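Hi there,

Here is the structure we talked about handing over. Please have a look, and then read on for what turned up in it.

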Amino acid sequence: MIFRLFQRGPGAPARALYGAIVAQSRQPAFYRRFSVPDSVEGRFDMIVLHLVLLFCRLIRDQQAPGLAQGVFDLFCHDMDGNLREMGVGDLAVPKRMRGMAEAFYGRRAAYEEALAADDPEALVAALARNVFGRAEAGEGARALAVYVRR
């Protein structure tokens, strides 16, 4: 118990930001108005999308370089805990975490590239592919792209 006093982990700002990301990602509008699948994968995609937006902002504004890492560490810890809570066995958790990390980095690259592109349809296509699992963009992907740009 006393050893918790010596543990270093993400500070209060990182915890507050990650909590805000999770709260925002759970907003019913994403699942009702934008038709994001209300599933484990859909909720994961909403958290990843908001993480990417936060990281873009932190990098652009050159704020607290360790803050992004702290938020990412909390995300990884949270995903690990969620897997275990869903009943994923100890031996399978590292493999699933590796898959989640690959998904995060792939989506981050796709969203950052789409946000930097001159073509507004690039973001719609990236969201359709990653969040909605479709090649063609529907109204949900278009509405979500407007939200992301805002």
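How are α1 and α3 oriented to each other? They are oblique to each other, because the rule counts angles under 35 degrees as roughly parallel, over 145 as roughly antiparallel, 65 to 115 as roughly perpendicular and the rest as oblique. The axes of helix α1 (residues 12-25) and α3 cross at roughly 135° and come within 9 Å. Axes here are lines fitted to C-alpha atoms, for helices over the stretch in contact, and angles run from 0 to 180 degrees between N-to-C directions. Helices are DSSP runs (H or I, at least four residues), and strands are too (E, at least two), numbered from the N terminus.

Before going further, some housekeeping. This is a predicted model, in which local features need pLDDT of at least 70 and side-chain atom pairs count only at pLDDT 80 or more, while totals for chains, interfaces and linings use all residues. Residues are numbered from 1 along each chain as its sequence is written, and side-chain values use heavy atoms, with hydrogens and water left out.

**Helix packing**

Back to the α1 and α3 pair: α1 passes α3 in a right-handed crossing. A crossing is right-handed if the near helix is turned clockwise from the far one by less than a right angle, and left-handed if anticlockwise. On the α1 side the contact is made by L17, Y18, I21, V22, Q24 and S25, and on the α3 side by M46, I47, H50, L51 and L54. Contact means heavy atoms within 4.5 Å. Sorted by class, this contact of α1 with α3 has 8 nonpolar, 3 polar and no charged residues. For those classes, Ala, Val, Leu, Ile, Met, Phe, Trp, Tyr, Cys and Pro count as nonpolar, Asp, Glu, Lys and Arg as charged, and the others, Gly among them, as polar.

Helix α3 also meets α5. Their axes come within 10 Å and cross at roughly 55°, which makes α3 oblique to α5. The crossing in which α3 passes α5 is right-handed. From α3, the residues F44, D45, V48, L49, L51, V52, L53, F55, C56 and I59 meet M100, A103, F104, R107, R108, Y111, E112 and L115 in α5. By class, there are 14 nonpolar, no polar and 4 charged residues in this contact of α3 with α5.

What about the pair α5 and α6? The axes of helix α5 (residues 93-116) and helix α6 (residues 120-130) cross at roughly 160° and come within 8 Å, and α5 and α6 are therefore roughly antiparallel to each other. This time α5 passes α6 in a left-handed crossing. R107, A110, Y111, A114 and L115 of α5 make the contact with A122, L123, A126, L127, R129 and N130 of α6. The classes in the contact of α5 with α6 are 8 nonpolar, 1 polar and 2 charged residues.

**A few single residues**

L53 lies in helix α3 (residues 40-60) and is partly exposed, with a relative accessible area of 23%. Buried means under 20% relative accessible area, exposed over 50%, and partly exposed in between (1.4 Å probe, protein chains only). Leaving aside neighbours within four places in sequence, L53 is in contact with L115 and V148.

In the loop between α2 (28-32) and α3 you will find S35, which has a positive phi, near 65°. For context, most residues other than glycine have a negative phi. S35 is partly exposed, at 44% relative accessibility.

P37 is found in the loop between α2 and α3 as well, and is partly exposed at 33% relative accessibility. Not counting residues up to four places away in sequence, P37 touches Y31, G42, R43, V131 and F132. G42, in helix α3, is buried at 2% relative accessibility. With the four-place exclusion applied to G42, the residues touched are Y31, V36 and P37.

**Cysteines**

How many disulfides does the structure hold? There are 0, with a disulfide taken as a pair of cysteine sulfur atoms within 2.5 Å. For C56, the nearest cysteine sulfur is that of C76, 17 Å away, which is too far for a bond. C56 is partly exposed at 23% relative accessibility, and C76 is partly exposed with a relative accessible area of 24%.

Best wishes
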